[in-house]
Amino acid sequence: MRDSLAVSLSEIAHAIGEEIGFPPSQADPLIQHLRARPVAPGLFAIYTALVEAALREDAAEAAALAKNLRHACEKTVQSLRVVNLTDDDLGPGQVERYRRIITGDEPEIIIPLAQVDEAELLRAGRLITVTLSLLDTAAPEIAGELRVLVREVVIVHSAAQADDSAALELDGASSFYLWGALLLNSARQRGRVSMAVTLVHEAVHGLLFGMSLGAPLVENAPEERYLSPLRDDLRPMDGLFHATYVLARMIDCLQRLLHSSELTPDEISAAQMALAQHQAEYEAGLVLVTASARFTQIGAAAFHAMRQATVF
Amino acid sequence: MSQPAKSLSAALASCKLVGFLANGATKDNAAKIGSSKIGGVKPPAPPAAGLTKDSSAKIGTVKPGINKGPL
């Protein structure tokens, strides 16, 4: 992902760098930095906004974003951090960009998103810390993968009004355009088991984004919609592919937790209930995807690998 | 005589763009959103009636163009 972004930025600098104050002489050190080490997920948000500004011929906005890009690129991210949905935590203008990336392309669905208060941010941060510690012990491969894929957990408040039938209350979200970040509605996470499964869920979306560089994993047209095992609204086949693949990894995580001796009796009950539910959802997704998906080459390879690894 | 302003979008057409379709006009495949609750109790009505959870029927066009692709 970082290499693809570096290539793209280099080509953009050569193509329009002089027009937007991002000439190759300024871009090259940043690109070297980008290739060398992990960067803040917000960099991808700024990149996306910059391309969009250039595509609509807004040179002033593109230039301002190029400046932001330089600042964001200089920030090195060493390890997973838990942050609030604020510009203080994410960077100037980033809350609006994150919000647009998560919610902006589907005007028919309203997703309430807000920052949390300091007490909730602290509680969520502590829960994530103890959850990662649990995974380190009970499922070290999953913990390792999580730490590679997720650099930033953005804690959000998401509560739909009871009378708003078009609003979608978010549990968690991730986007190709925020690669390395995930949004988490911490109010839905009260314990280590649900937190572990949610973190794995969103991280594995990131894995699939990385495999395909954001391209769909199926050739089915986006406007083809199917019933989803995970959501009440109708979804495109690419979403169903993601859902099914992600469910397989969530099940794997739960099985590893249950096979460890790290869970309390209450957590074992919660994990068993979640496992039964997700296995049923996985089977439903598998039927739909197998029957109707027209895989891309990468999609076929990923789906085959998932089936090989899945013995439930 | 001054040069006409360079078209940024035309210049970008020859660039590799991460996550954008080949023509650079639209983004491709963005957010995955997990939700267990839509608007309190009632999800948006599907565009076709008579479906059950057992149906895998394709549904007509919801929105052409950008595939945002949440779960």
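Student: What is the mean pLDDT of chain B, and what percentage of its residues reach 70 or more?

Tutor: The mean pLDDT (the predictor's confidence in each residue, from 0 to 100) of chain B is 51, and 23% of its residues reach 70 or more. Residues 37–71 of chain B have pLDDT below 50, yet beyond near neighbours in sequence this stretch has 88 contacts in the model; two residues are in contact if their C-beta atoms, placed from the backbone, lie within 7 Å. This is a predicted model, in which local features need pLDDT of at least 70 and side-chain atom pairs count only at 80 or more, whereas totals for chains, interfaces and linings use all residues. Residues are numbered from 1 along each chain as its sequence is written, while chains are lettered from A and ligands numbered from 1 in the order in which they are written. The model scores ipTM 0.76 and pTM 0.84.

Let us turn to chain A. Its domain assignment, automatic or from a database, gives domain 1 (2–78) and domain 2 (118–309). Their centres, taken over C-alpha atoms, are 30 Å apart, and eight residues from each domain take part in the contact. On the side of domain 1 that touches domain 2, helix α3 (residues 42–55) gives the most, with three residues; helices are DSSP runs of H or I, at least four residues, numbered from the N terminus.

Leaving aside neighbours within four places in sequence, A:V200 is in contact with A:I142, A:L146, A:R249, A:M250 and A:C253.

Note on methods
Helix = DSSP H or I, 4+ residues; strand = E, 2+ residues; numbered from the N terminus.
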